Amino acid sequence: MSGPHRSVPKGRGELRDQPRGGGGRATARHDTPAGALGGHLAAAESDRIVYDLAGIEHRYDALLEELPGIDVRFALKACPVDEVLRCLVERGAGFDAASPAEIVQALRAGVELHRVHYGNTVKSDRDIAEAHRLGVRTFATDSVQDVTAIAEHAPGARVFCRLATSGEGALWGLNRKFGCSPEDAVRILGTARACGLTPAGLSVHVGSQQMTGEAWQQALDTLAEVLVTLDGLGIVPDHVNLGGGLPALGYLDRHGTPLDPPLDKIFTVVREGMDRLNGLTAAPLRFVVEPGRHLVADHGAVRAHVYRLTERAQPDGTHARWLYLSVGKFNGLYEMDQVRHRLVFPAQADEAEETYVPAVVAGPTCDSDDAYGEGRYPARVPRSLASGDPVWILSAGAYATSYTTQGFNGIRPLPCVCARGPGRTPLT
Ligand SMILES: *Cc1c(COP(=O)(O)O)cnc(C)c1O
């Protein structure tokens, strides 16, 4: 498993070991991402988001090594970039699509239809009919209303029922909006069978950037309970979908401390759970995962630039520095509500020469939510930063392109570059 990249290219000064829990100190690292990313970021003369396809493939292969034989259905919304999707298809991945438009994009990437499911429990009659017309035959559901609509607009389809989870332990819990109780799941799959659908499976999503093995343990316990009840009714699902939630490895938390997800433990819990569930059913179960951020977050980085480092008196009389960047919440870093990204300041490579100062970091828009680090946990940034200096924002590959606004303050979405080689030739 590749952890957060820590290699330092020659001539970039020493890697300074950042203390853990250092209240934002980790934002001033001078380490550079390995592989294609470092070269492409260094060569970039304007803002962009860069994806390292080889890195994504490597993470995909590592996932399959941890969970042998599992069917990967990449959640498109985490990175709806054609080249990334194509590279995953070549590896054997399918897709968790959430709308007819995502199904069309998945098919454009060359995926076989049977490797695409409609994984959104929220859909209109028209969406269901359109997905069916496009050839999709497997649908997520979590209500009797939705499952009867599937029976009408996608007759004979396969359905899997999403069980609610608590969302505890995740940075973004997906509880409340999605999933049903074990009792409802039994009722819904019974209804599916009665209306001519195939009750094909069960699913969960333990919440995005799930940081605990316990959450998977609980979800697997619930799955076991429902499988046993279904078995008693003669309903035998052919698969279990463990959803998304596998963590990215390179984030910092809201206070700037590196997050350290227990990935090995999570995989152990999932492997043991899969064995246990398989022992409960008459026919062997297939297992599916729907990773999103785990595959792409650490293999995408943003090249942004400094607008200005300012110093102003705050209403309480104290002085605060603000570092304004060209990229923020509305053009790539939407998730700054829960995570921070490592920042690299390549023009200030000589750390011995630099003075670091605490600063709030903010994006370019006229929205005050477009900022992080106010209060007790500022970021640490080089004092010599000047307008136009490049800034690299690491582990920014998940949800960056999808959570981007269009024309907010006239700011255009970042151009996207997919890299594979070392990338030493300047791109403009
Ligand atoms: C978004 C989503 C995923 C991916 O979630 P991650 O936390 O990024 O892994 C998987 N499944 C479904 C149904 C989703 O909506």
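Predicted model: local features only at pLDDT ≥ 70, side-chain atom pairs only at ≥ 80, totals over all residues.

Biologist: Which exposed residues does the face of H7 turned away from its buried side carry?
Modeller: That face of H7 carries Glu183 and Ala194. Residues are numbered from 1 along each chain as its sequence is written.

Biologist: And which residues of H7 are buried?
Modeller: Ala185, Ile188, Leu189, Thr191 and Ala192 are buried in H7. They cover an arc of only 155° around the axis, which puts them on the same side of H7. The arc is that of the directions from the helix axis to the C-beta atoms.

Biologist: Why would residues a few places apart point the same way?
Modeller: An α-helix has 3.6 residues a turn, so residues three or four places apart point the same way.

Biologist: What covers the buried residues of H7?
Modeller: The cover includes strands E5 (138-141), E6 (158-162) and E8 (198-203), together with helices H6 (144-153) and H8 (213-232). Contact here means that the C-beta atoms of two residues, placed from the backbone, lie within 7 Å.

Biologist: What span should H7 have at 1.5 Å a residue?
Modeller: The 13 residues of H7 (residues 182-194) should span 18 Å, and its end C-alpha atoms are 18 Å apart, which agrees. The expected span is 1.5 Å times one less than the number of residues. Just after H7, Gly196 takes a positive phi of about 85°.

Biologist: Now H8. What do its buried residues pack against?
Modeller: They pack against H7, E8, strand E7 (170-172), strand E9 (208-210), strand E10 (239-241) and helix H9 (263-278). Among the buried residues of H8 are Trp216, Leu220, Leu223 and Leu227. The 20 residues of H8 should span 28 Å, and its end C-alpha atoms are 29 Å apart, which agrees. H8 is followed by Gly234, whose phi is positive, near 75°.

Biologist: And H9: which residues are buried there?
Modeller: Ile266, Val269, Val270, Gly273 and Met274 are the buried residues of H9. They cover an arc of only 135° around the axis, which puts them on the same side of H9. On the other side of H9, Asp264 and Asp275 are exposed. The buried residues of H9 pack against H8 and strand E11 (286-289).

Biologist: Changing topic, which residues come nearest to the ligand?
Modeller: Of the 16 residues around the ligand, the nearest are Ala75, Ser208, Gly244, Glu290 and Gly292. A residue is near a molecule if its C-beta atom, placed from the backbone, lies within 6 Å of it. The shell divides into 4 nonpolar, 8 polar and 4 charged residues. Ala, Val, Leu, Ile, Met, Phe, Trp, Tyr, Cys and Pro count as nonpolar, Asp, Glu, Lys and Arg as charged, and the others, Gly among them, as polar.

Biologist: What domains does the protein have?
Modeller: The domain assignment gives domain 1 (25-50 + 298-419) and domain 2 (53-296). Such bounds come from an automatic or database domain assignment. The domain centres, taken over C-alpha atoms, are separated by 33 Å. Their contact takes 25 residues from domain 1 and 28 residues from domain 2. Strand E19 (residues 416-419) gives the largest share of the domain 1 side, 3 residues.

Biologist: Where is Tyr399, and is it buried or exposed?
Modeller: Tyr399 is found in the loop between E18 and E19. Tyr399 counts as buried, with 24 C-beta neighbours inside 10 Å. Tyr399 has a positive phi of about 65° although it is not a glycine. Most residues other than glycine have a negative phi. Asn409 is also found in the loop between E18 and E19, and has a positive phi of about 55°. Asn409 is partly exposed, with 13 other C-beta atoms within 10 Å.

Technical notes: Helix = DSSP H or I, 4+ residues; strand = E, 2+ residues; numbered from the N terminus. Buried ≥ 20, exposed ≤ 12 C-beta atoms within 10 Å, placed from the backbone.
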